[in-house]
Amino acid sequence: MTIRVLVVDDQAMVREGFAALLGAQEDITIVGQAENGARAVELAALHHPDVVLMDVRMPVMDGLEAARQILAFPPHADQADHAHILMLTTFDIDDYVYDALRLGASGFLLKDALAEELVSAVRVVASGEALLAPSVTKRLIEQFATAGPRSVPSRERLDSLTERELEVMTLIGRGFSNQEIAAELFIAQQTVKTHVSKILAKLSLRDRVQAVVLAYETGLVAPGFGDGG
């Protein structure tokens, strides 16, 4: 399956460089390039990308507002899911990116990431997974969980989870992959996948990124706690 990608950045050289790199991959097609968030929303509505590579700070409309609008679009008829937003940032700790993760962005990547990291990131989020691997993601979430979000979800929100689901949720919050969770709890990977799906459904979460954020915000996981991998 070909991954349809929209590249959004106000710097032409960065935008065109990313587009050229990704477009050279056999399984990736660039459906458009946008220089600001407003144009990104227009092109996303027109071309129905699977992945939007989104800069954070741009004129006219920033990446956060553009992400919010694009994530509100229903999936197109030929798409199994909504567009996945992969945020780009120059900084390893960025309040805008944290807000984007809470909105439902699938992850973020530093602009100085290696070429293979960028290509891999696009494939990961296109598959419906959250991009949680970079340690900087955990640092970002911990930073703002420690500072305190604008509104803290009640721990009671987790009451619908079973004891086993709480265990899995805790490990998700610590950055464990499904394979690592399976090893930690001595259960099959497929069982972990089932638990994760139930957790996301019960808590009305879009993906693992939102689960990680919620785990920190509710205090299920303490900032600075050791991670998996």
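Author: Buried means under 20% relative accessible area, and exposed means over 50%. The model shown above is predicted. With that cut-off, strand E3 (51-55) can be read from both sides: Val51, Leu53 and Asp55 on one face are buried, and so are Val52 and Met54 on the other.

Reader: Why is E3 described as largely enclosed by the rest of the structure?

Author: Five of the five residues of E3 are buried, so the strand is largely enclosed by the rest of the structure. As for the two faces, in a regular strand the side chains alternate between the two faces of the sheet.

Reader: Which strands pair with E3, and in what sense?

Author: E1 pairs with E3 in the parallel sense, over four bridges. E3 and E4 also run parallel, and five bridges join them.

Reader: What does the protein contain in helices and strands?

Author: The protein has 10 helices and five strands. Of its 229 residues, 49% are buried. Among contacts with a separation of 6 or more, 69% are between residues 24 or more positions apart.

Reader: How should I read a helix, and what does H5 look like?

Author: Helix H5 (residues 115-126) has 12 residues and reaches 17 Å from first C-alpha to last, close to the 16 Å expected at 1.5 Å a residue. Its buried residues are Leu118, Val119, Ala121, Val122, Val125 and Ala126. They cover an arc of only 155° around the axis, which puts them on the same side of H5.

Reader: What do the buried residues of H5 pack against?

Author: They pack against strand E1 (3-8), helix H1 (12-23), strand E2 (28-34), E3, strand E4 (84-89) and strand E5 (107-110). After H5 comes Gly128, with a positive phi near 95°.

Reader: Which residues of H9 are buried, and which exposed residues lie on the face turned away from them?

Author: The length comes before the faces here too. H9 has 14 residues, which should span 20 Å at 1.5 Å a residue, and its end C-alpha atoms are 20 Å apart, in agreement. Val192, His195, Val196, Ile199 and Leu200 are the buried residues of H9. Seen down the axis, they fall within an arc of 130°, so they line one face of the helix. The face turned away from the buried side carries the exposed residues Gln190 and Ala201. The cover over the buried residues of H9 includes helix H7 (163-173), H8 and H10.

Reader: How many of the residues of H10 are buried?

Author: In H10, 10 of the 10 residues are buried, so the helix is largely enclosed by the rest of the structure. Among them are Arg208, Gln210 and Glu217, as well as Val212 and Leu214.

Reader: What follows H10?

Author: Thr218 lies in the segment after H10 (208-217). At 9% relative accessibility, Thr218 counts as buried. A polar atom of the Thr218 side chain lies 3.5 Å from the backbone oxygen of Ala215. Also just after H10, Gly219 takes a positive phi of about 85°.

Reader: Where else does a positive phi occur, and how should I read it?

Author: Most residues other than glycine have a negative phi. Val60 is not a glycine, yet its phi is positive, about 70°. Val60 is in the loop between E3 and helix H3 (63-71), and is exposed at a relative accessible area of 73%. Phe186, also not a glycine, has a positive phi of about 55°. Phe186 lies in the loop between helix H8 (178-185) and helix H9 (189-202), and at 75% relative accessibility counts as exposed. Just after H9, Ser204 has a positive phi of about 55°.

Terms used:
Residues are numbered from 1 along each chain as its sequence is written. This is a predicted model: local features need pLDDT of at least 70, side-chain atom pairs count only at pLDDT 80 or more; totals for chains, interfaces and linings use all residues. Side-chain values use heavy atoms; hydrogens and water are left out. Helices (H or I, at least four residues) and strands (E, at least two) are DSSP runs, numbered from the N terminus. Buried means under 20% relative accessible area, exposed over 50%, partly exposed in between (1.4 Å probe, protein chains only). A polar contact is a pair of N or O atoms within 3.5 Å; within protein, one must be able to donate a hydrogen and the other to accept it, and residues adjacent in sequence count only if both atoms are side-chain atoms. Contact means heavy atoms within 4.5 Å. The expected span of a helix is 1.5 Å times one less than its number of residues. The arc is that of the directions from the helix axis to the C-beta atoms. Two strands pair if DSSP finds at least two bridges between them.
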